[in-house]
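The following report describes the fold of one protein, from its overall composition to selected residues. Please consult the sequence and the model alongside the text.

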Amino acid sequence: MNEILRPLAPRPRLDQPSRPSLRLVDSRPAERRVNAFDLAAARPRIESLTSRREPVNRIIFVAVLLGVGIAQAFPPSEGKHPLFPSPRSVVDRESTHHYDVRHYRIDLTTSLASGAFAARCRIELTPRRDNFDTFSLHFVNLVCDSIRREGNTCTFTTPSGRLLVTLDQPHANGESLAVDVYYHRNAGTANRGYYWYARGNQGIPHAVAYSVTQPDDSRYWFPCFDQPWDKAERGCLVNITVPDSFSACANGVLDSTRVSGGWRTDYWRHSRPISTYLMCFAASRFTDWQIWWHHGADSMPVRYYVWPTDSVSAVSSFGRMTDMLDFFSAPDRYGLYPFFDEKYGMVAVYPYPWGGMEHQTMTTIHRYWVIYGSDNGIAHELAHQWWGDMVTCLDWRNIWLNEGFATYSDQLYYYHRNGRSGFLSLIRRRADDYFNEEASDPHPIYDPPPGHEFDWGHTYCKAAWVQHMLRYVAGDTSWPNHGIFFEALREYGDSFRYANANTEDYRRILERRLGLDLGWFFDEWVYSLGYPNYTVGWQSRETTDGWEVVVDLAQNNMSGAPAVFHMPVEIRIRWSGGDTIIRYPVETSPQRNVFPVPAQPTALEFDPNEWLLDQHSVQVGLTSEFDPGFGISRPRLSIGPNPCRRLARLEFELPGTRDVRLEVFGLDGRLVRSFDCGLLSGGRHSLAWNYAEDGSDLAPGIYIVRLTAGADVTTGRLAKVD
Ligand SMILES: [Zn+2]
């Protein structure tokens with residue numbers, strides 16, 4: 001699904017030249033319906049991170065040697081989640097769902113003169129227990145006329161929201177069973193799940209009827225088990241009969257069209273497993289055409305249905321479709337379009353509550369996407385065919401998997417079209433959308449509160465950033481090439497092809513493929529709310545053989561967010577004539593790291609390649625939060641200026657209280673000078689040695705400075721010039 005279009009008051013005329021502003025509104029009911037069909041809310045345990053403060057002795061000093069490469073160490077997992085039950089075991093445990101849907105066939109007839117229709121839905125199912133003689137379907141705002149099984153009458157009742165069927169005879173576990181439900185929808189029924197608009201309503205040129213049902217409104221147009229995790233394994237038939245000046249489109253391939261007695265029936269067949277919310281139809285006075293997408297030696301049709309007045313716009317608005325199919329189907333990206341043996345299609349309707357909806361093989365889009373174009377939206381819905389349709393979220397707690405993947409996909413396509421700077425400005429805008437939304441409505445992207453499943457900032461923008469950051473954690477950061485992260489994505493796709501998956505399934509595949517423990521990542525980014533808010537302070541200092549940069553990183557994260565995000569971070573250190581990017585692990589907050597560099601640093605950038613969904617400020621100077629000596633485990637010595645003429649400053653830092661002695665030797669081993677400093681506390685100390693004044697009268701040359709602090713010995717080099 002893609003961003004909703006704000007209902008404008010007064011609604012714009014379609015011939016208005018200016019593009020309507022896109023904005024999200026929440027059209028979901030305030031309370032999500034809860035009934036016996038809903039899954040038990042088995043939420044994984046999340047370790048409370050908010051009060052955790054790492055003990056000081058866990059801090060490790062990390063020096064990343066230039067030329068050695070980027071450090072890629074990762075913090076240990078902070079917790080484990082119990083695995084969710086598999087879809088099939090959910091079926092077995094669900095007391096009202098002792099069956100497995102195999103196939104839906106819908107035969108629906110409407111005149112399009114009203115929202116009324118008459119229909120038959122044949123449901124093929126397999127009982128999952130013996131003595132199966134009654135079962136329940138979701139069924140709302142529809143009227144059941146009769147139910148038959150192989151011609152035999154079955155009885156039924158219609159408690160609120162459901163159709164309870166009593167079969168003519170019991171069936172055994174594993175038997176195949178087909179039940180025909182004859183039903184109708186009355187004129188005047190409110191638009192929901194099934195939408196009908198008369199010609200002239202809001203200026204539309206033709207009457208239109210269509211379905212759009214995510215997350216669980218399929219029950220408003222056909223009786224079904226309306227949860228995403230019971231896919232009809234054998235697919236669906238959707239046969240729509242309308243007056244013969246109209247036509248209809250639906251999932252899969254158009255088997256045939258029959259015209260008789262002023263009526264026309266389009267027979268659509270889809271043969272892949274499908275969730276109810278991905279089944280669809282649309283009927284109006286469409287013009288339709290198809291193009292061919294060539295892939296290797298084979299081809300696939302792409303079919304379009306729009307109103308005739310929009311067909312010229314459509315040719316240009318849909319102009320990148322084959323490029324998008326090429327892009328996503330690339331072997332190093334997602335692999336071949338998953339319904340290549342059938343088709344891809346788009347149908348444009350209006351009025352429409354969404355921008356687009358990724359019905360399997362037949363996306364329904366808002367008419368504005370035809371008139372004004374929306375490459376992002378069209379790419380997003382196409383990518384859903386892999387992520388959402390081929391692999392479907394197990395339930396709506398996991399909706400971020402659908403939308404995060406699709407949103408990241410339209411960003412990748414945007415990169416492909418507009419380059420890196422365009423991509424970065426797009427994801428920056430979406431980060432801001434998330435920050436704004438999180439400020440007023442904080443919640444994790446996993447298991448969003450009722451009514452917030454389709455929050456733009458969270459379910460789309462943050463979830464896409466989570467994909468981006470997983471790619472970063474995987475080390476798959478070379479643009480535009482696609483490496484191991486995309487291999488893992490394809491493995492995830494192959495593992496759950498035409499099936500359902502949840503967050504833990506995704507994590508497990510990633511961990512196996514990447515060889516990483518990602519428990520900490522999912523804890524912090526998926527199961528927790530918020531994002532890191534970093535304060536970065538840095539300072540450089542000269543050492544005996546070069547320079548080093550001290551970096552303090554503190555996190556001041558929002559209430560309810562993890563106190564520490566353990567994302568490895570990257571900094572770029574610049575000096576005259578060079579720079580380097582260093583990635584290092586984050587263990588705690590605040591944290592101090594020291595990095596050697598070959599020349600005097602001039603600037604430090606945090607997250608220079610924009611891999612983190614964060615807010616940060618960078619300042620020159622170390623933060624005062626640190627205790628003296630905090631962040632080091634061994635004494636450190638630096639000497640400056642180096643080389644020196646009249647005065648050398650011997651600076652050293654101690655991890656704790658130590659008995660300290662400083663000695664200066666010539667290269668021949670002769671002791672030149674000795675300083676007994678006595679017992680000194682942890683932290684930084686400085687000794688200014690004016691050897692001209694104290695009689696040492698140092699000759700030009702190289703000297704060794706030795707710092708002895710308790711049992712630790714550190715040496716440095718001092719160059720004396722005239
Ligand atoms: Zn979407």
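Helices (H or I, at least four residues) and strands (E, at least two) are DSSP runs, numbered from the N terminus. This is a predicted model, in which local features need pLDDT of at least 70 and side-chain atom pairs count only at pLDDT 80 or more, while totals for chains, interfaces and linings use all residues. Residues are numbered from 1 along each chain as its sequence is written, and side-chain values use heavy atoms, with hydrogens and water left out.

**Overall picture**

The protein comprises 10 helices and 35 strands. Of its 722 residues, 59% count as buried, where buried means under 20% relative accessible area, exposed over 50%, and partly exposed in between (1.4 Å probe, protein chains only). The pLDDT, which is the predictor's confidence in each residue from 0 to 100, has a mean of 85, and 85% of the residues reach 70 or more. Over residues 4–95, however, the pLDDT is below 50; beyond near neighbours in sequence, this stretch has 194 contacts in the model. A contact means heavy atoms within 4.5 Å. Among contacts between residues at least 6 apart in sequence, 70% join residues at least 24 apart.

**Tyr 104**

Strand S1 (residues 99–109) contains Tyr 104. Tyr 104 is buried, with a relative accessible area of 0%. Its side chain reaches the backbone nitrogen of Phe 225 at 3.0 Å. This is a polar contact, that is, a pair of N or O atoms within 3.5 Å; within protein, one must be able to donate a hydrogen and the other to accept it, and residues adjacent in sequence count only if both atoms are side-chain atoms. Tyr 104 and Arg 122 are 18 residues apart in sequence, and their C-alpha atoms are 5.8 Å apart in space.

Two strands pair if DSSP finds at least two bridges between them.

| Strands | Bridges | Direction | Opposite residues |
|---|---|---|---|
| S16 and S17 | four bridges | parallel | Tyr 304 and Met 346 |
| S17 and S19 | four bridges | parallel | Met 346 and Thr 363 |
| S18 and S19 | two bridges | antiparallel | Met 357 and Thr 364 |

S18 and S19 form a hairpin with five residues between them, and Thr 361 in the turn has a positive phi of about 65°.

**Helices across the sheet**

The buried residues of H5 include His 380, Glu 381 and His 384.

**Asn 500**

Asn 500 belongs to strand S21 (residues 499–501) and is buried, with a relative accessible area of 6%. A polar atom of the Asn 500 side chain lies 3.5 Å from the backbone oxygen of Thr 392. The backbone oxygen of Cys 393 lies 3.4 Å from a polar atom of that side chain.
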